[in-house]
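Please give a short tour of this protein structure for someone who has not seen it before. Keep the sentences brief.

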Amino acid sequence: RRQIEMRTVGCGWTHFETKWGFFSDERSHKIEDLKRMLLDDILPYEIGLRRLKKLPTEAAPPQLRVRSIKTLGTADADVLRLEQQSIFNVSNLLEKAKAARERREAAGISDSVEVRQDREAPPFDTRLVGKWLEVCWPYKEDGRTVKIWAAGRVKRVADGLTDKRSPRARKILPAGMLLWAWDADPEYDEPAGERWIAFLPEKWNKPVSYGWRLDPRELGATGPPRTPLIEEEEEEEAPRARR
């Protein structure tokens, strides 16, 4: 059944559509009958389209089915235009979906950068050097603690032997700490700077204080990320972050 529905619903091949239900399965739609239809009719049709390079590359949008009734006379131009507009197509649905996603991101309900990250955090080794990372910085705005994803580049990964927070420091930093540097931001009157941060794997891709993830530039995307919708909590004040 799933093999059939994947093609009748997903590809829009409604001419192979069949009814499902308890009585149908018991009477006419036996397993062998469905298997025969899949092997003898649907798969050869799919192979033919593949040879012609005409297989659909996008899921077919669902169409509203209306009862066909007899029409007296001929439909005028306005009726035909309205009927054409009522048919879903991929381009219209994609535009509406993009607009809805932008509204959700602007409201802080969803975050397209978050969903494109890997499930597991990358290892803390030299492969991170030169990578753009985002850090969820807490800072004060109008007396409120808010957080925003700020972008910066990894300059160095501590080796646990020689790296220190400053030339005057005596303590050696533990291996795996990252020297994260951000650019100047004139909009927020923020100078360029850098800071050693001990990123935690459990804060990977989470909208919490000092959560971290890959910048959209590392994901092949462009444009600034959106501010996540998260609960306020009191944290130490950090440098102002860039949008």
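What share of the 243 residues in the protein chain is buried? The answer is 28%. That value, like the others here, comes from a predicted model.

## Overall build

The protein chain contains six helices and five strands. Read from the N terminus, the order of elements is α-α-α-α-α-α-β-β-β-β-β. The accessible surface of the chain amounts to about 17,400 Å². Carbon and sulfur atoms account for 53% of that surface. Consider next the contacts between residues at least 6 apart in sequence. Of these, 61% join residues at least 24 apart.

As a general rule, strands of a sheet pair through backbone hydrogen bonds, either parallel or antiparallel.

Take β2 and its partners next. Strand β2 covers residues 144–157. It is mostly covered, with ten of its 14 residues buried. β2 pairs with β1 in the antiparallel sense over ten bridges. Within this pairing, Val135 has Ala150 in β2 as its bridge partner. β2 is also joined to strand β3 (residues 178–182), by four antiparallel bridges. Here Val157 has Leu178 in β3 as its bridge partner.

Strand β1 spans residues 132–141. Three bridges join β1 to β5, and the two run antiparallel. Opposite Glu134 stands Arg213 in β5.

β1 and β2 form a hairpin with two residues between the strands. In this hairpin, Asp142 takes a positive phi near 55°.

## Positive phi in two loops

Most residues other than glycine have a negative phi. Lys53 is not a glycine, yet its phi is positive, at about 55°. Lys53 sits in the loop between α3 (31–51) and α4 (77–85). Asn205 is not a glycine either, and has a positive phi of about 60°. Asn205 belongs to the loop between β4 (193–197) and β5 (212–214).

Is Lys53 buried or exposed? Lys53 is exposed, because its relative accessible area is 78% and the cut-off for exposed is over 50%. Asn205 counts as buried, because its relative accessibility is 13% and the cut-off for buried is under 20%.

## Salt bridges

How many salt bridges does the structure hold? It holds twelve. In general, side chains of opposite charge can pair when their charged atoms come close.

| Salt bridge | N to O distance |
|---|---|
| Glu46 and Arg7 | 2.4 Å |
| Lys155 and Glu194 | 2.8 Å |
| Asp215 and Arg217 | 2.9 Å |

Start with Glu46 and Arg7, which form a salt bridge. Glu46 lies in helix α3 and Arg7 in helix α1 (residues 2–8), so the pair ties together parts 39 residues apart in sequence. Both Glu46 and Arg7 are buried. A network of salt bridges links Arg7, Glu46 and Arg50.

Lys155 is partly exposed, with a relative accessible area of 46%. Glu194 is partly exposed too, with a relative accessible area of 40%.

The side chains of Asp215 and Arg217 also meet in a salt bridge. Is Asp215 buried or exposed? At 3% relative accessibility, Asp215 counts as buried. Arg217 counts as partly exposed, at 47% relative accessibility.

Conventions:
Residues are numbered from 1 along each chain as its sequence is written. This is a predicted model: local features need pLDDT of at least 70, side-chain atom pairs count only at pLDDT 80 or more; totals for chains, interfaces and linings use all residues. Side-chain values use heavy atoms; hydrogens and water are left out. Buried means under 20% relative accessible area, exposed over 50%, partly exposed in between (1.4 Å probe, protein chains only). Contact means heavy atoms within 4.5 Å. Accessible areas come from the Shrake-Rupley method with a 1.4 Å probe; for residues, only the protein chains shown count as cover. Two strands pair if DSSP finds at least two bridges between them. A salt bridge is a side-chain nitrogen of Lys or Arg within 4 Å of a carboxyl oxygen of Asp or Glu.
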